[in-house]
Amino acid sequence: MKKAFFLTLLLVSSFTINAQYRSLSEAIDQAGKQRMLSQRIAKSFLMIAAQVNVDKYQNELDNSMAEFSEAHHKLKKYFSSNIEVNNAMKKVELIWFNFRETANTHEYTKIKCNRVINSSSFLLQATQNVMNTLSKSSKSKVEKIVDKSGSLRMLSQKIGIYYVATFLELQTPEIKSQFDTAIKILDTRLDDLISERSVNTKEIASKLSRAAQDWSFAKKSLKLEGNLKPATIGVTLNTFMDQMNDITSLYAKIPSPK
């Protein structure tokens, strides 16, 4: 597994090492995506533990870990002159080194699964602190919308963690309340984005409408009681995540007012 991860990292690096962000919005988009990756890695790990499409989720886990590492180095370079952001990213780095060791293993006991969930929460908090730091210096409405839109990617994966954790019967504190809260936050933020009519292009509005329809349908299957179906939910949440990733990228391309 470790060999696969480092081979993937090398492949990703060979294509992106010279890439530069064309705007602050694009950098914020990537910094926000780190939040999602922190949750996606944990969700992928739990899917493997649950013996759900193991090869698929092993590949997802390896790619997510490689993407996180590469993006972290690029972001550090991009924000090298911003002392506050750099300090926040140093904390991310410390947590990330520990988290990737925890997640990069063949051990899938309930103790290890709980440890992965807890570590992913610490990494999420650290990556959110980076976003909070960026938000302080951001005066553009577009950049703030990029942040909000990107957070929906993260929430889709966070919801997946809680769902699979329930399937695995993990003793995670307050899992039901956190699961319900994540869904409510996603609902509110998606509605907020749809209401941004002065910013949304026709393409964004159309994609948001489709994402909202798909999310409304997905919520009907998101129940922690009865016959849980992690394979189906995994596909559903990944589809929504891909939609929001596309939409967030479109927001990041909107020129910020001077």
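**Note on cavities, core and selected residues**

1. The lining of the second largest cavity divides into 3 nonpolar, 2 polar and 3 charged residues. Here Ala, Val, Leu, Ile, Met, Phe, Trp, Tyr, Cys and Pro are nonpolar, Asp, Glu, Lys and Arg are charged, and the others, Gly among them, are polar. A cavity is a set of points, on a 1 Å grid over the protein atoms alone, where a 1.4 Å probe fits but cannot get out; lining residues have an atom within 4 Å of a point. The lining consists of I28, M131, L134, S135, S138, E143, K144 and D147. Two or more of these residues come from each of α5 and α6 (141–167). The second largest cavity holds about 40 Å³ of space, a volume being the space filled by probe spheres set on grid points joined across faces, edges and corners.

2. The model is predicted: local features need pLDDT of at least 70, and side-chain atom pairs count only at pLDDT 80 or more, while totals for chains, interfaces and linings use all residues. Residues are numbered from 1 along each chain as its sequence is written, and side-chain values use heavy atoms, with hydrogens and water left out.

3. The whole structure contains 3 cavities of 30 Å³ or more. The largest cavity has a volume of about 60 Å³. A31, Q34, F68, H72, L75, M89, V92, T127 and V130 line the largest cavity, and by class they are 6 nonpolar, 3 polar and no charged. At least two lining residues are supplied by each of α2 (24–49), α3 (54–78), α4 (83–103) and α5 (110–137), with the largest share, 3 residues, coming from α3. Helices are DSSP runs (H or I, at least four residues), numbered from the N terminus.

4. The second largest pocket has about 320 Å³ of space. A pocket is an open set of grid points with protein on both sides within 12 Å along at least five of seven lines. Its lining numbers 18 residues, and R35, Q128, S151, M154 and R189 lie nearest the centre of the pocket. Helices α5, α6 and α7 are the elements that give two or more residues to this lining; the largest share, 7 residues, belongs to α6. The lining comprises 5 nonpolar, 7 polar and 6 charged residues.

5. The largest nonpolar core has 77 residues, of which L46, I159, W215, L222, M244 and Y251 touch the most other members. Such a core is a set of buried Ala, Val, Leu, Ile, Met, Phe, Trp, Tyr and Cys residues joined through side-chain atoms within 4.5 Å. The elements that contribute two or more residues to this core are α2, α3, α4, α5, α6, α7 (175–194), α8 (202–219) and α9 (230–252). In soluble globular proteins, nonpolar side chains tend to be buried together. Beyond residues up to four places away in sequence, M244 is in contact (heavy atoms within 4.5 Å) with S149, L152, R153, L190, L193, L208 and A211.

6. The side chains of K43 and E60 are joined by a polar contact of 2.9 Å. A polar contact is a pair of N or O atoms within 3.5 Å; within protein, one must be able to donate a hydrogen and the other to accept it, and residues adjacent in sequence count only if both atoms are side-chain atoms. Leaving aside residues up to four places away in sequence, K43 touches Y57, E60, Q157, G160, I161 and N238.

7. K76, in helix α3, is partly exposed, with a relative accessible area of 29%. Not counting residues up to four places away in sequence, K76 touches N86, M89 and E93. The side chains of K76 and E93 form a polar contact of 3.1 Å. Although 85 residues apart along the chain, K76 and I161 have C-alpha atoms separated by 28 Å.

8. Q51, in the loop between α2 and α3, has a positive phi near 60° and is not a glycine. Q51 is exposed, with a relative accessible area of 62%. N53, in the loop between α2 and α3, is likewise not a glycine and has a positive phi of about 40°. N53 is partly exposed, with a relative accessible area of 42%.

Definitions and conventions. Buried means under 20% relative accessible area, exposed over 50%, partly exposed in between (1.4 Å probe, protein chains only).
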